[in-house]
Amino acid sequence: MTILGIDYGRVHVGIALGHDEPRLALPHKTLSGLNENQLIDAIAKMIQEESVGVVVVGSPRAQRPEQETGGGFRSETEAFSDVLRKKLTIPVVEVDERFTSLAAGVLRREVPEADEHALAAMLIVDTYLDQQHE
């Protein structure tokens, strides 16, 4: 099955594609400067072109559970996931994206031409794949 990973941001949205067999995720692209409808249309087009079976959205979490507030950017990301669930015909799941942006920054230093947002999306897909095989 093909998996589309999303590192959601207000301006930049990182996209990665992965597969459950072999367990592999690769950065795909970053979408920038799109309004919500344009973003949903672009994602729907990729889903069709790549025969995607599930969409995985990174959900920001606090480092420690007692720091969770449920508001702010996490609420925006959850609202975006809800819109995707209403518009798409495939499952949309959220995974903890804690530390993916930091890890993507480290990867980008090793491969400067790589796109940091797409790398974060790749790490979100990796997290999902790891959870499926636990």
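Two strands pair if DSSP finds at least two bridges between them. Strands (E, at least two residues) and helices (H or I, at least four) are DSSP runs, numbered from the N terminus.

**View 1. Strand β1 beside strand β4.** Strand β1 covers residues 2–7 and runs parallel to β4, joined by five bridges. Which residue in β4 is the bridge partner of Gly 5? The partner is Val 56.

The model is predicted: local features need pLDDT of at least 70, side-chain atom pairs count only at pLDDT 80 or more, and totals for chains, interfaces and linings use all residues. Residues are numbered from 1 along each chain as its sequence is written, and side-chain values use heavy atoms, with hydrogens and water left out.

**View 2. Strand β4 beside strand β5.** Strand β5 spans residues 92–96 and pairs with β4 over five bridges, in the parallel sense. Gly 58 has Val 95 of β5 as its bridge partner.

View 3. Seven of the eight residues in β4 (residues 52–59) are buried, so the strand is largely enclosed by the rest of the structure. Buried means under 20% relative accessible area (1.4 Å probe, protein chains only). Across the chain of 134 residues, 41% count as buried.

**View 4. The chain around these strands.** Five strands and four helices make up the count. Along the sequence they follow the pattern β-β-β-α-β-α-β-α-α. Take contacts (heavy atoms within 4.5 Å) between residues at least 6 apart in sequence: 60% join residues at least 24 apart. The chain exposes about 7,400 Å², and carbon and sulfur atoms supply 50% of that area, by the Shrake-Rupley method with a 1.4 Å probe.

Methods
Buried means under 20% relative accessible area, exposed over 50%, partly exposed in between (1.4 Å probe, protein chains only).
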